[in-house]
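Thank you all for coming; I would like to take a few minutes to walk through one model with you. Please have a look at it first, and then we will go through it together.

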Number of protein chains: 2
Amino acid sequence: MARGRPPAHTREQVVDAAIRLADAEGLAAVTIRRIATEIGAGAMSLYTYVPDKDRLLDLMVDKVGEETPKINITGDWRTDLMALAAAQRALMLAHPWLPAALPNRRLTGRNMLGYLEQSLAALEPTGLDGPTKMELIALVTGFVASYVTNEIAAATPTSEQVALITEAVASGDFPHLATALSSGARGTEPSFERIAGWAITGLVEQAIRPKPSDRSSS
Amino acid sequence: MARGRPPAHTREQVVDAAIRLADAEGLAAVTIRRIATEIGAGAMSLYTYVPDKDRLLDLMVDKVGEETPKINITGDWRTDLMALAAAQRALMLAHPWLPAALPNRRLTGRNMLGYLEQSLAALEPTGLDGPTKMELIALVTGFVASYVTNEIAAATPTSEQVALITEAVASGDFPHLATALSSGARGTEPSFERIAGWAITGLVEQAIRPKPSDRSSS
DNA sequence: TCCCTTTCTCGTACGCTGTACTGAAAATAG
DNA sequence: CTATTTTCAGTACAGCGTACGAGAAAGGGA
């Protein structure tokens, strides 16, 4: 068996090299030629292992999902969802290109499905129906991606957006913005745990309520 | 005054043509050369009106923000935030490339600041401090973008991801996923209003609570 | 009127991208 | 050995963003 010339590399080597590149220099540095030279191959040889670049990105996303530690399902949905969200955030902080690569990407591999499975298990005690659970999971994932994106972007404020904002504040057209920016002193830092707690608790508690419009009768 | 050769076009024409292209054929169709031929100019002439393509995307994002109808601030934060979220969603559905163009894009123009200003005004009755308000607004915006992205992606399910999921379900490794997908019958549709209501109500009510860890003592 | 300065136009060109094509190389099967 | 099958990788092509620079078109000053 195994006829024909044996492969000099593996698909995993290609994906790993791509991830290493993205981690070090960002998604834009991930090009077919760069990856090829990185693993010591000709550019076109990569197409033996990967159909095209878009699928390569799918594989990258799924591969980094392997790093996620297995979360123990305690049975308390709040604890479990928080742990899952924290794991997702850690993954995105370790691979800052992930939030950018995630949208418009299809559900791609078993690792992503595994995350979905765990989230469904965490939501089991709520007694919600399947579609609602799925919706909640998508929402929480979106929250985390959005939070981390802001977190990364806020770490490197551009000088020009500072100029835009200060000019806007000085113009007087944005009074609420001006006061919001000047009221700096606050007690607690808006840590991820605090905000994620709001989102998860608020979202699920709202969803659990028997009828959506019963807020006043309780 | 007005020395030198007069411009044959305007920056607005360039941005409008780019938006028209993105609406019709997606973000990938927005190239300098395409826009140039669209408005009957040489490719390099665009650089008179726009410094580079990245700034052009900034301008596109800010320009479509002009379409947002002015929301009346009623003073009830729930009503106002829901109206703002609905307006955002309508904008994204009208310009499906918007959610994809939005992330890693800096706060860019007065329309975006105007949206921020209105959101801050809507959150005024909550009595929250400035940074927390900002955080909540970013979260709600991220939620809407995430929801619309899913909404658009779900409208066109790929045959291969269907195959992946059915195979995964058949493998038996994902029991919760299997039951979640099979439990189809539910009463209410997960409409945007329902889900956005959960997110906004849950999020703000959680944020308003005096101390984050007082959930058990109330 | 002629010329200078300023501004916009746009053809050419460079380096980069993803990838189709093609023939050589390297393995096994007979 | 030859035939078959598979991978390797060089070449090539269309397309991208955009740097450069020559020409065109306006106003201002002589």
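Let me start with a question: of the atoms of DNA strand C within 4 Å of the protein, what share belongs to sugar or phosphate, and what share to bases? Keeping in mind that this is a predicted model, the computed share for sugar or phosphate is 60%, and the rest belong to bases.

Around DNA strand C there are 27 residues, and the closest come from both chains, namely Met1(A), Arg3(A), Arg33(A), Ala8(B) and Met44(B). If we sort the residues of this surface by class, we find 13 nonpolar, 6 polar and 8 charged.

Now to the two protein chains, where 60 residues of chain B are in contact with 60 residues of chain A, and where about 5300 Å² is buried between them, 66% of it on carbon and sulfur atoms. The count of salt bridges between these chains is 2, and one of them joins the side chains of Arg110(B) and Asp173(A), with 2.7 Å from N to O. On the side of chain B that touches chain A, helices H6, H7, H8, H9 and H10 each supply at least two residues, and H7(B), which gives the most, contributes 14. By class, that side of chain B has 27 nonpolar, 18 polar and 15 charged residues.

Note on methods: Residues are numbered from 1 along each chain as its sequence is written. Chains are lettered from A and ligands numbered from 1 in the order in which they are written. This is a predicted model: local features need pLDDT of at least 70, side-chain atom pairs count only at pLDDT 80 or more; totals for chains, interfaces and linings use all residues. Side-chain values use heavy atoms; hydrogens and water are left out. Contact means heavy atoms within 4.5 Å. Buried area is the accessible area (1.4 Å probe) that two parts lose on being put together, summed over both. A salt bridge is a side-chain nitrogen of Lys or Arg within 4 Å of a carboxyl oxygen of Asp or Glu. Helices (H or I, at least four residues) and strands (E, at least two) are DSSP runs, numbered from the N terminus. Ala, Val, Leu, Ile, Met, Phe, Trp, Tyr, Cys and Pro count as nonpolar, Asp, Glu, Lys and Arg as charged, and the others, Gly among them, as polar. A residue is near a molecule or strand if one of its heavy atoms lies within 4 Å of it.
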